[in-house]
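Here are a few notes to read alongside the model.

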Amino acid sequence: MVEDEDEEECDMEVWETLSQSFFQVQSALDQNRTLIQQVNENHQSRIADNFSKNVELIREINGNITKVLSIYSDLSVNFSSIVRQRRAIMSSRNHTNGSVDGKEESKEA
């Protein structure tokens, strides 16, 4: 029973981490959408000052893309780590319970 509660708690932490990361990604992408619209408007205006503003806007867009890449990279590493931990736990349980690869060993005489 305690193991099941630990698994559920771990699952909740995983989902919270995923949700938070996806929220951060979506926020950065939404911000980029707004920035890109502003860049397009500045470009269409053909005003020299607006063109120079685009340089900073494009830097901000690139920074957001870097942030998204970093979030996805961290998610990938964390997810892989969780999968390895889960496999190790399941393997440990299977060996403790006298089973191999999740199947009971047959004890023939």
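1. A cut-off to start with: a residue counts as buried under 20% relative accessible area, as exposed over 50%, and as partly exposed in between. E56, at 48% relative accessibility, is therefore partly exposed, while R59, at 55%, counts as exposed.

2. Please keep in mind that this is a predicted model. The mean pLDDT of the chain is 84, and 81% of the residues reach at least 70.

3. On the overall layout, the chain has 2 helices and 2 strands, in the order α-α-β-β along the sequence. Of its 109 residues, 18% count as buried. The chain exposes about 8,800 Å², with carbon and sulfur atoms supplying 53% of that area. Among contacts with a separation of 6 or more, 57% are between residues 24 or more positions apart.

4. Does the length of helix 2 agree or disagree with its residue count? Helix 2 covers residues 48–96, and at 1.5 Å a residue its 49 residues should span 72 Å; the end C-alpha atoms are 73 Å apart, which agrees. The buried residues of this helix include N50, N54, L57, I61, N64 and V68.

5. N32 deserves a look. This residue of helix 1 (residues 2–45) is buried, at a relative accessible area of 6%. A polar atom of the N32 side chain lies 3.4 Å from the backbone oxygen of I61. Beyond its neighbours within four places in sequence, N32 is in contact with E60, I61, N64 and I65.

6. Now the charged pairs: the structure holds 3 salt bridges. Side chains of opposite charge can pair when their charged atoms come close. In helix 1, R33 and D30 are 3 residues apart, about one helical turn, and their side chains meet at 3.0 Å, N to O. R33 is partly exposed at 47%, as is D30 at 30%.

7. The other pairs sit in helix 2. D49 and K53 are 4 residues apart there, about one turn, with their closest N and O atoms 3.7 Å apart; D49 is partly exposed at 46% and K53 at 42%. E56 and R59 are 3 residues apart, also about one turn, and their salt bridge is 3.7 Å, N to O. An α-helix has 3.6 residues a turn, so residues three or four places apart point the same way.

Key:
Residues numbered from 1 in each chain as written. Predicted model: local features only at pLDDT ≥ 70, side-chain atom pairs only at ≥ 80, totals over all residues. Heavy atoms only, no water. Buried < 20%, exposed > 50% of the residue type's maximum accessible area, 1.4 Å probe, protein only. Contact = heavy atoms within 4.5 Å. Areas by Shrake-Rupley, 256 points an atom, 1.4 Å probe, with all protein chains shown as cover. Polar contact = N/O pair within 3.5 Å; in protein donor to acceptor, adjacent residues only side chain to side chain. Expected span 1.5 Å × (residues − 1). pLDDT = per-residue confidence, 0-100. Salt bridge = Lys/Arg side-chain N within 4 Å of Asp/Glu carboxyl O.
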